[in-house]
Amino acid sequence: MAELLSAHNINKSFSGVQVLRDVHFSLGEGEVHALLGENGAGKSTLLKTLFGMHQPDSGTLSVGGQSVVLHSPRAAQDHGIAMIHQELALIPELTVAQNVLLGNEGRERLNYAHMNARVQPFLERVGLKVAPGTPVKRLTIAQQQMVEIARALARQARIIIMDEPTSSLTTQETRQLYAVVRELTAGGVGIIYVSHHFDEIEELADRVTVLRDGQYVGTVEQRGVTREQLVTMMVGRELAAQHAPPHRTPGDIRLKVSRLGRAGAFDDVSFSVRAGEVVTLAGLIGSGRTEVLRAVYGADTAECGEVELDGEVVARPTPAGMMRRGTGFIPEDRRHQGIVPDARVSVNMMLTSWAKGRVGVRGTEMRREVEPQMEQLGIRPNNPQQVIRRLSGGNQQKVILARWLAAGCGLLLIDEPTRGIDVASKADIYALIDSLAERGVAVLMVSSELPEVLRLSDRVLVMREGTVAGELSRQDASEERILALATGAHAHAEDPVHV
Amino acid sequence: MQKTQSTSNAASRAAVIERLREAGILAILLLGAVVFSATVPSFFSVDNAITGIGLSAAINTIVAIGLTYVIMTGGIDLSVGSTAALSAVIGADLMQRGLPPLLAVVVALAVGAVAGLVNGLLITRVQLAPFIVTLGTMTFYRGLALSYTNGQPILSLPDGFKNSLGGDVFGLPIPLIAALVLVAAFTLILRYTKTGQYILAIGGNAEAVRLSGINTGRFVTLTYVISGVLAAFAALVLIAQLGAAEPILGNGWELSAIAASVVGGTSLAGGKGNVVGALLGALLLSMLQNVLTLLGVQAFYQLLATGLIIIGAMVIDRYTRGP
Amino acid sequence: MQKTQSTSNAASRAAVIERLREAGILAILLLGAVVFSATVPSFFSVDNAITGIGLSAAINTIVAIGLTYVIMTGGIDLSVGSTAALSAVIGADLMQRGLPPLLAVVVALAVGAVAGLVNGLLITRVQLAPFIVTLGTMTFYRGLALSYTNGQPILSLPDGFKNSLGGDVFGLPIPLIAALVLVAAFTLILRYTKTGQYILAIGGNAEAVRLSGINTGRFVTLTYVISGVLAAFAALVLIAQLGAAEPILGNGWELSAIAASVVGGTSLAGGKGNVVGALLGALLLSMLQNVLTLLGVQAFYQLLATGLIIIGAMVIDRYTRGP
Amino acid sequence: QAFSPDTEKSRIESSQLEAKFGPVPTLPAGTQFGGVMKALSNEYWQLLRSGYLKGGEKYGVKIDAQAPSNESDQIGQLSMMNTMLGKDYKALLISPQSDVNLLPGIQKAGKTSLVLNVNDAVAPSAQHFVGNSQYDNGVSVANYLLKTFPKGGQVAVIEGQAGVYAARQRTLGFKTTLAKNPALKVVASVPADWDRQKAFTTARDLLRRYPNLTAFYCNNDTMALGVVEAVKASGRLGKTLVFGTDGINAAYDSIKKGELTGTVDSFPILTGEVAVEVAVRLLGGQKLPRVVATPQALVMKDNMAQYEQFKK
Ligand SMILES: Nc1ncnc2c1ncn2[C@@H]1O[C@H](COP(=O)(O)OP(=O)(O)OP(=O)(O)O)[C@@H](O)[C@H]1O
Ligand SMILES: Nc1ncnc2c1ncn2[C@@H]1O[C@H](COP(=O)(O)OP(=O)(O)OP(=O)(O)O)[C@@H](O)[C@H]1O
Ligand SMILES: [Mg+2]
Ligand SMILES: [Mg+2]
């Protein structure tokens, strides 16, 4: 197996804080090499170094056996490297085809028909069912993720870096991605793969390299290790066994949604969530889950239907009004809707609490509120003064969770609660949601991860093409049944489907 | 497959609706024209439309095209008026000294290009804020123009020059034709060339464009060069009309051009732009001026009316276009 | 635990370095002062520093504070000069008609507040672009001021008024004191109140703040009201100095104030702002003007020098501050 | 060389019109003149406009005078003139914002109506000009200083906007004349863009640099009134003289109060009347010289009474 890329003794620090220490990494032809580590371990930083976005403080890089210095992403591309970024890097106003070919269009004069035709096969390969002429701003986050993948394919790169490519994909698209990866490696392409999902790593990876706190822990053959061993390498200790989901007895109806609809997005959606109950909206990409959740919160307006909170109709839901009534909302698009990138962690965390008058903006007062939250969620670096943009993706997600924990709410709407969050923290967040429910909080979430859906939900509402295709209780829910409802492949009389 | 079909249908329907909504400003323009021609005597004579509205709209449009390009990248160019003055006096001076007009025109355009290049390099290489750079050069280029001519106008330009840029073709004044041709050309560049696409993309997400391996600085600089050249061209068109060039020419052009751009639907945040919109914006603003004059509205009330109508037009536009 | 310690130490060191770099503009200011006092006779007399630079800087600073707030939300307010004129002529007229100066001042400030409120509501409720709204109201308010006074200045303001806002305390002119107090107050508001934090956060990502359950429109509107009130206050300070209010007062204020803001480190993209920076920026610009006057530089060369020095200062700032 | 009313040889004082050309002819009823003003934001132009209206009444002509909304919107003024060409005016009284910005309008109008350049900026192709000599504006203040301070002194000039004809000529006339006595030194000549606030700030700076300044000469009254405040604030009222130009009402008030020393009044109302008269005479077939000069005078406290009649 010829070596495509190798990195030795890579060191990198940001304003005095060392993020990578003596890290080694190598990638062979046709290999999938997974990179594993907790949130903030330095995975993205290493990858950005390999893609020329950061310059290492010291260390050597070689591509195809030749030692290189990558000054810029352009240089990396010239060496046959492509990258799928953890934070999506698309241009909203341009079409899918334009985004896929950006920087690669060929002649100066653009021929859209030709570009669309060129892009179509790549879209088909990743299983993205949108027209290449659609503006990217009209796609959901998951569809955008697929566009990113298609773009990497279109580069015809020898080395593809994938930084959490599946964090917003559902099981179906993830399987599609597996197929794409296998096809690529069969052709000799090397893939660097970052994911917090062990099943993906077990499915795809040949070798696994583990980072912990910026330190190189080791590289192992994937086939030779167990999940537990990998987790131990990652966190430096053994993880407590997973809790079974607790048994809950829901209280009164907190949220009642009746016949909610908006043309082109969703239609006739009705359901309710009780206090102390966790209800999940499941479904395929573009099935309208996000849109429903946003409409309930008033982030977008619905055209018809009603939202009732604790038996009272909310005349015209708006985020501010819903917040005042004790509703919290965690959006799926962290970067554009979740964080204020240039503000500190403390500010990002306290945005809602301030409005509720729960805490002031003075340093000590705020620290008293912020620090325990950071501790509880294991947010690293544990520095409330850090600008949130400089946190790793997973840690940013934790800050937004903490925003609503600090503010306290009776109904929490969460779109993809553990997007980009590492295994260890994921267990913590599950425990946290359990304890919220136990305290009587009603939780309505959207999740694309079926194990997560099954682990957390009391009830699952499966959506298909904008309507609720069916509802499954905890006992009835299984991955197969959810998928069957989501794709419309059920119709067996014995299925316990209540529409 | 069926899903794809319906999604793409919905998408193209949405695109059509968007296009229609973008025509909001055109609708306002037409509505205005109809109302005015009904109420204001002599508003809708061809002659009034062409000479009263045409020239000032043409010049404003030409400058606004460049500004639209700059604004699309998320920048701004306050120096257009001064660049115009500098190019005009240098070009005029060379003509007066006997340089063939064509050559003088080329030199004047080159002066505009260099002025834009300086802006662009300060912004992309030294990474200064576009506002402050062009505020500085606005003052500096004006100073250059004034000291070059010692504050005096340059009179009596050669007839050949005046007739070529100041004349008519089939009854249409050349400035108007030039503006329309430029609008068409820069619309096509924006839509159908890599350069145009990159300029739009940079305003949308410069970091993402850079990550695609594109040298964003080069394209940003290019927009300032375009803006400088178009300002110089507008200045040449104007001095051909006036038959003279003066160093105080172009005062306030930046504001009118930005206004035309923004009224036409370009977002100052970058990433969204519309050259045809700039033309419509310029026409709307000129029409407004023209009508108020024809109605004999006094200066103070003209100000009131102008302010009200700009905002009113935008409110209508906002409600036809949707949020 | 040790880890945390060292991390937070390093982080606070980084913060200190950042703070020092932000002082770049202060360094330029001091450097300029040293150079000028060595070369320009009478530049560094306390008197010159305070009354020459201080006074004109004071007015610009007061306006720039408001603009800094507006710009931080990602907006712009072009109407400050016209708002200033409108408040000034109404206030002055009322004084002349015999209203007690204090009451007239309150009314003038209220006029500024209403002017700002109109801007804010058009921007947040009707969702028009701030540039176009304030371009429209810039024209409209100017028209109001001119028609209110029929274009005439209002002379002979009561002495009580002139002395109170135009006087001295311990040798410091009141405008300067007012500007410093306002800078301090608005710095504290920005740092230590929720309102200030929200204004900054909205500029950073309005959508994220909105989805946190915050009524962002209220805070954005507030910044325009602040800008209007401060413009009115600056106008009162000015007319107390000039002893006359004229409807064409405040022409070009928006540009000077935006320049002071941007020179002081506020980003036109929003989310980043610095009220002390606006003061430093205003001081730098006034110092420049003062020196050029003291040196008796000719008109054309003043323009050249102003442009060069603005850009030069920004280049130095850029290289001391880092990218 | 370019046309300059200040040096034009075929020039007549407006006061001699009656004597040389006889009575003003009568035009057909319903005759209309159009006026394109420079701006209305300075009182000077408003006074000129009332002069037009007064003249119109006197000679039986309807006058329709308009102004662009700001003083440096040159293309806007041209559009305004072009627009007004569409109406049926027998004569257009224009006050261009710059020397050249109305040239195409003048050329176009020449075929159908009479064009009269009234004041201030001078269009080189203007066949008829009515107005005072900008150059002489400066001369009269300089002469006064030469006479009053034979032993010399320091003088500062506050200029209008750089590059504008009126600013250039007034400053030139002042400096050239003052140079006759080398002891009277122009220590500073800086622009304040016709703006009261800028003039105030600039004057304060200058007064600190030259605490014994003898006099300020300002290119217009608005700036002069700003300078007066600076002089007051520096405690030099009465010691440093301040001269303005234009003769607006506010300047008269200030002179009466003993603050402003003097203003070179070019009698805008009278100028407006004369402009209408000249247009009427030309349309009536009289062959007037190219330039009709309107009067001007340095108005100070002691001679003010004799000029106040022209303020109505
Ligand atoms: N520009 C920067 N300035 C300062 N610190 C940074 C910067 N970029 C990253 N860091 C820090 O480097 C560390 C590693 O971040 P990185 O994004 O590489 O983590 P990661 O392993 O990709 O985590 P995740 O799984 O959450 O994506 C984090 O502590 C982060 O705060
Ligand atoms: N801004 C928009 N304009 C038009 N259509 C949109 C827009 N955003 C989403 N849609 C469409 O609405 C439908 C539902 O999208 P939604 O985001 O709710 O799906 P989802 O089930 O949450 O999927 P995902 O997992 O991708 O978030 C999709 O068909 C999508 O294309
Ligand atoms: Mg990462
Ligand atoms: Mg979703």
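Trainee: Which helices each supply at least two residues of the shell around ligand 2?
Mentor: Those are helix H5 (141–154) and helix H9 (289–297) of chain A, where helices are DSSP runs of H or I with at least four residues and strands are runs of E with at least two, numbered from the N terminus. The largest share, 3 residues, comes from H9(A). Bear in mind that this is a predicted model, in which local features need a pLDDT of at least 70, side-chain atom pairs count only at pLDDT 80 or more, and totals for chains, interfaces and linings use all residues, while side-chain values rest on heavy atoms, without hydrogens and water. Residues are numbered from 1 along each chain as its sequence is written, and chains are lettered from A and ligands numbered from 1 in the order in which they are written.

Trainee: How many residues surround ligand 2, and which are the closest?
Mentor: There are 13, and the closest are A:Thr140, A:Gly286, A:Arg289, A:Thr290 and A:Glu291; a residue counts as near if one of its heavy atoms lies within 4 Å. By type, the shell around ligand 2 divides into 3 nonpolar, 6 polar and 4 charged residues, with Ala, Val, Leu, Ile, Met, Phe, Trp, Tyr, Cys and Pro taken as nonpolar, Asp, Glu, Lys and Arg as charged, and the others, Gly among them, as polar.

Trainee: Let's switch to the metals. Which residues coordinate the magnesium ion that is ligand 4?
Mentor: A:Thr290 through OG1 and A:Glu332 through OE, at 1.8 to 2.7 Å. A:Thr290 lies in helix H9 and A:Glu332 in the loop between strand E16 (327–330) and helix H11 (334–338) of chain A, so the pair ties together parts that are 42 residues apart in sequence. Donors here are N, O and S atoms within 2.8 Å of the metal (3.2 Å for Na, K and Ca), and water is not among the atoms, so sites may look incomplete.

Trainee: Is A:Glu332 buried or exposed?
Mentor: A:Glu332 is buried, with a relative accessible area of 16%, and A:Thr290 also counts as buried at 16%. Buried means under 20% relative accessible area, exposed over 50%, and partly exposed in between, with a 1.4 Å probe and protein chains only.

Trainee: What coordinates the other magnesium ion, ligand 3?
Mentor: A:Ser44 (OG) and A:Gln86 (OE1) do, at 1.9 to 2.1 Å. This pair links distant parts of the chain, with A:Ser44 in helix H1 (residues 43–50) and A:Gln86 in the loop between strand E6 (81–84) and helix H3 (96–101) of chain A, 42 residues apart. A:Ser44 is buried at 16% relative accessible area, and A:Gln86 is buried at 12%.

Trainee: Which residues come nearest to ligand 1?
Mentor: Of the 19 residues around ligand 1, A:Lys43, A:Ser44, A:Thr45, A:Arg390 and A:Ser392 come nearest. An oxygen atom of ligand 1 is 3.0 Å from a side-chain N or O atom of A:His196, and a backbone N or O atom of A:Gly40 lies 2.8 Å from an oxygen atom of the ligand. Taken alone, ligand 1 exposes 640 Å², and the protein buries 87% of that. Two or more shell residues come from each of H1 and H14 of chain A, with H1(A) giving the most, 3 residues.

Notes:
Polar contact = N/O pair within 3.5 Å; in protein donor to acceptor, adjacent residues only side chain to side chain. Areas by Shrake-Rupley, 256 points an atom, 1.4 Å probe, with all protein chains shown as cover.
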